[in-house]
Amino acid sequence: MEQRYATFSLLLINISRSVQRIKNVEMAALGLKGRQVQCLFGLYNCAEGVSLTKLGEMCGEDKGMMSRTVKELIGEGLVYVDVNSGRKYKNPIRLTEKGEHIARVVADKISAILEEGSAGISDGEREQLYHSLGVISENLAEICKKYNP
């Protein structure tokens with residue numbers, strides 16, 4: 001049992017560190033920060049834009065972190081808040097033309113790295129892996145609920 005825990009934890013830590021390193025290096029080449037990847041990628045896949053809350057959910061970040069990231073991306077001219085959307089609250093955040101270009105570059109980099117990173121794994125194996133990780137994630141989230149009733 002202890003070996004299962006050690007193996008699982010170490011693999012997750014190593015994968016997380018590798019992903020962070022790759023994001024930091026690849027985004028630095030674009031003059032951006034690694035933590036901005038999820039935001040750009042999320043917006044790239046939502047042409048109609050999304051609210052700050054929804055973007056945070058998509059990126060797995062809290063509202064405060066998303067707010068800071070969006071503010072940085074606004075400063076870079078990559079995103080804007082569409083205040084003329086007709087919505088009274090929760091105005092959508094959208095990519096600018098420059099942001100669309102950068103997000104496309106980011107999406108292409110992600111695709112290439114995913115391809116290289118999953119070399120030797122069949123589509124079926126990958127689907128099973130994602131399914132298993134999803135189950136583990138849900139189970140651990142349920143356990144965590146016991147700590148914050």
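Predicted model: local features only at pLDDT ≥ 70, side-chain atom pairs only at ≥ 80, totals over all residues.
**Leu40 and its neighbours**

Leaving out residues up to four places away in sequence, I found Met27, Leu32, Leu73, Leu78, Leu95, Ile102, Ala103 and Val106 in contact with Leu40.

Next I asked myself which residues touch the most other members of the largest nonpolar core. Leu40 is on that list, together with Cys39, Leu43, Leu55, Leu78 and Val79, and the core holds 20 residues. H2 gives the most, with 4 residues.

**Helix H2**

I stayed with H2 and listed its buried residues, which are Val37, Cys39, Leu40, Gly42 and Leu43. What covers them? I noted H1, H3, H4, S1, S2 and H5 among the covering elements.

Then I looked at how H2 sits against H5. Their axes are 9 Å apart and the packing angle is about 105°. That makes H2 roughly perpendicular to H5, because angles from 65 to 115 degrees fall in that class. On the H2 side I wrote down Val37, Leu40, Phe41 and Tyr44 as the contact residues, and on the H5 side Glu100, Ile102, Ala103, Arg104, Val106, Ala107 and Ile110. Sorted by class, this contact has 9 nonpolar and 2 charged residues, with no polar ones.

A reminder to myself on helices: an α-helix has 3.6 residues a turn, so residues three or four places apart point the same way.

**Helices H3 and H4**

I turned to another helix pair, H3 (residues 52-59) and H4 (residues 63-75). Their axes come within 9 Å and cross at roughly 105°. So H3 is roughly perpendicular to H4. H3 brings Leu52, Thr53, Leu55, Gly56 and Cys59 to the contact, and H4 brings Lys63, Met66, Ser67 and Val70. I sorted these too: 5 are nonpolar, 3 polar and 1 charged.

Is Ser51 buried or exposed? Its relative accessibility is 10%, so Ser51 counts as buried. Apart from residues up to four places away in sequence, Ser51 touches Lys90, Asn91, Pro92 and Ile93.

**Salt bridges**

How many salt bridges are there? I got a count of 6. Side chains of opposite charge can pair when their charged atoms come close.

Glu26 pairs with Lys109, and the closest N and O atoms are 2.7 Å apart. Glu26 lies in helix H1 (residues 2-28) and Lys109 in helix H5 (residues 97-117), so this bridge ties together parts that are 83 residues apart in sequence. I checked accessibility at both ends: Glu26 is partly exposed at 27%, and Lys109 is partly exposed at 28%.

Lys33 meets Glu72 in a salt bridge, at 3.4 Å from N to O. Lys33 is in the loop between H1 and helix H2 (37-44), while Glu72 is in helix H4, so I noted another link between distant parts of the chain, 39 residues apart. Lys33 has a relative accessibility of 43% and counts as partly exposed. Glu72, at 22%, counts as partly exposed as well.

Arg94 forms a salt bridge with Asp82, with the closest N and O atoms 2.0 Å apart. Arg94 belongs to strand S2 (residues 93-95) and Asp82 to the loop between strand S1 (79-81) and S2, so the pair joins parts 12 residues apart in sequence. For burial I wrote down that Arg94 is buried, and so is Asp82. I also looked for shared partners: salt bridges join Lys33, Arg35 and Glu72 into one network.

**The whole chain**

Last, I stepped back to the overall layout. I counted 6 helices and 2 strands, and along the sequence they follow the pattern α-α-α-α-β-β-α-α. The C-alpha trace spans about 55 × 40 × 25 Å along its principal axes. Of the 149 residues, 25% count as buried. For contacts between residues at least 6 apart in sequence, I noted that 48% join residues at least 24 apart.

Technical notes. Residues numbered from 1 in each chain as written. Heavy atoms only, no water. Axes fitted to C-alpha atoms, helices over the stretch in contact; angles between N-to-C directions. Parallel < 35°, antiparallel > 145°, perpendicular 65-115°, else oblique. Contact = heavy atoms within 4.5 Å. Nonpolar A, V, L, I, M, F, W, Y, C, P; charged D, E, K, R; others polar. Salt bridge = Lys/Arg side-chain N within 4 Å of Asp/Glu carboxyl O. Buried < 20%, exposed > 50% of the residue type's maximum accessible area, 1.4 Å probe, protein only. Core = buried A, V, L, I, M, F, W, Y, C linked by side-chain atoms within 4.5 Å.
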